[in-house]
Amino acid sequence: QVQLVESGGGLAQPGGSLRLSCTSSGFTLSSTSIGWYRQVPGKQREWVGYIGDDGTTNYAGAVKGRFTISRDNAKNTVYLQMNSLKPEDTAVYYCNRITLDFTWGQGTQVTVSS
């Protein structure tokens, strides 16, 4: 089973920025499409966006224009750059293949608060 590892979360002020990372020690992330997801306690996990194996990206309406997904193939890492953060972006963020057939990782907590 492949499991990805998320990192980079923390506390940010409204309007601030954070960059999350998604890595794997045993799978080449550039070979597949990777999505970012987030979950608030008591709610379903929601899709944030994805990057295709060809580098194309797509985003949920709530984050479009504020979040950017990119890859560094040399580091086998997918990033989620989050700008203009809002309190409603507070959640645990996860990455997974868009087919959702990897084991979910622990996620990384993002808290947006003044």
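Modeller: Happy to! One term to begin with: a salt bridge is a side-chain nitrogen of Lys or Arg within 4 Å of a carboxyl oxygen of Asp or Glu. This is a predicted model, where local features need pLDDT of at least 70, side-chain atom pairs count only at pLDDT 80 or more, and totals for chains, interfaces and linings use all residues. Residues are numbered from 1 along each chain as its sequence is written, and side-chain values use heavy atoms, with hydrogens and water left out.

Biologist: Got it. How many salt bridges are there in the whole structure?

Modeller: A search of the whole structure turns up 4. In one of them, Glu 46 is bonded to Arg 38, with 2.5 Å between the closest N and O atoms.

Biologist: And is Arg 38 buried or exposed?

Modeller: Arg 38 is buried, at 6% relative accessibility. Buried here means under 20% relative accessible area, exposed means over 50%, and partly exposed lies in between (1.4 Å probe, protein chains only). Glu 46 is partly exposed, at 37%.

Biologist: Which residue does Arg 38 meet in a salt bridge with an N to O distance of 2.9 Å?

Modeller: That's Asp 89. The two come from distant parts of the chain, 51 residues apart: Arg 38 is in strand 4 (residues 34-39), and Asp 89 is in the loop between strand 8 (77-82) and strand 9 (91-97). Strands are DSSP runs (E, at least two residues), numbered from the N terminus.

Biologist: What else does Asp 89 form a salt bridge with?

Modeller: Arg 66, where the closest N and O atoms are 2.7 Å apart. Arg 66 sits in the loop between strand 6 (57-59) and strand 7 (67-72), 23 residues from Asp 89. Shared partners join Arg 38, Glu 46, Arg 66 and Asp 89 into one salt-bridge network. Asp 89 counts as buried at 1% relative accessibility, and Arg 66 does too, at 11%.

Biologist: Nice. Switching to strands: in which sense do strand 1 and strand 3 pair?

Modeller: Antiparallel, with 3 bridges between strand 1 (residues 5-7) and strand 3 (residues 18-23). Two strands pair if DSSP finds at least two bridges between them. Val 5 has Thr 23 in strand 3 as its bridge partner.

Biologist: How many bridges join strand 3 to strand 8?

Modeller: There are 6, and these strands run antiparallel. Leu 20 has Leu 80 in strand 8 as its bridge partner.

Terms used:
Helix = DSSP H or I, 4+ residues; strand = E, 2+ residues; numbered from the N terminus.
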